[in-house]
Amino acid sequence: MMSAMLLASCECPYLDDLDRAQLRKQNTGDGFYADKLIGTWQCDYQMVIAGYEFKQIVFMSNGKADITMAKEHDTAWFTETFSYAYYGSTLRFSKGRNNISLNIEGYLFPELYVRDSFGRYTLTKRR
């Protein structure tokens, strides 16, 4: 009976470390959720998707996003408005018949790490 009490009262140091890491993650803002998308994100150089180089994405609270882009190897930048949706680890953009799907691989403020079937990209939050 004494050994059962000792086992039941045993503390797990791993769980304490995990709790501290979760608390630190919450306090530093490194947890990612949909509201963190709102605002301006600068795309890393060579973020080329479907023949277009992405420069900047401005997420708005109404489910729309303005994407500034240019045809690959061109200098004429233009902005188009897409609808976007965030589902857990997937970020989807759509406009008419155009659909872009990015998997979110990680987030460490101010950078969001995403990938598609052609490459990995970094989006950096700008104020």
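Predicted model: local features only at pLDDT ≥ 70, side-chain atom pairs only at ≥ 80, totals over all residues.
Of its 127 residues, 28% count as buried. The chain exposes about 8700 Å², of which 53% is supplied by carbon and sulfur atoms. Among contacts between residues at least 6 apart in sequence, 30% join residues that are at least 24 apart.

Strands E4 and E5 run antiparallel and are joined by six bridges, with isoleucine 67 having glutamate 80, in E5, as its bridge partner. The hairpin formed by E4 and E5 has six residues between the strands, and in this hairpin histidine 73 takes a positive phi near 70°. Strand E5 is in turn joined to E6 by five bridges, again in an antiparallel arrangement, and the bridge partner of tyrosine 86 is leucine 91, in E6. Here the hairpin has two residues between the strands, and glycine 88, in the turn, has a positive phi of about 60°.

The largest nonpolar core comprises 24 residues, and those with the most contacts inside it are Phe54, Ile57, Phe59, Phe93 and Leu112. Two or more residues are given to this core by each of strands E1 (39–43), E3 (52–59), E4 (64–71), E5 (78–87), E6 (90–95), E7 (98–108), E8 (111–115) and E9 (120–126). The most is given by E7, which provides four residues. Phenylalanine 93, one of the core residues with the most contacts, illustrates how these elements come together: when residues up to four places away in sequence are not counted, phenylalanine 93 touches Ile57, Phe59, Ala65, Ile67, Phe82, Ser83, Tyr84, Asn98, Asn99, Ile100 and Leu102. Among these contacts are Ile57 and Phe59, which are themselves listed among the residues with the most contacts inside the core, as well as Ile67, the bridge partner of glutamate 80.

With residues up to four places away in sequence not counted, threonine 122 touches Gln42, Cys43, Asp44, Glu111, Leu112 and Tyr113. One of these contacts, Leu112, is also among the residues with the most contacts inside the largest nonpolar core.

Note on methods:
Residues numbered from 1 in each chain as written. Heavy atoms only, no water. Core = buried A, V, L, I, M, F, W, Y, C linked by side-chain atoms within 4.5 Å. Buried < 20%, exposed > 50% of the residue type's maximum accessible area, 1.4 Å probe, protein only. Contact = heavy atoms within 4.5 Å. Areas by Shrake-Rupley, 256 points an atom, 1.4 Å probe, with all protein chains shown as cover. Pairing = 2+ DSSP bridges.
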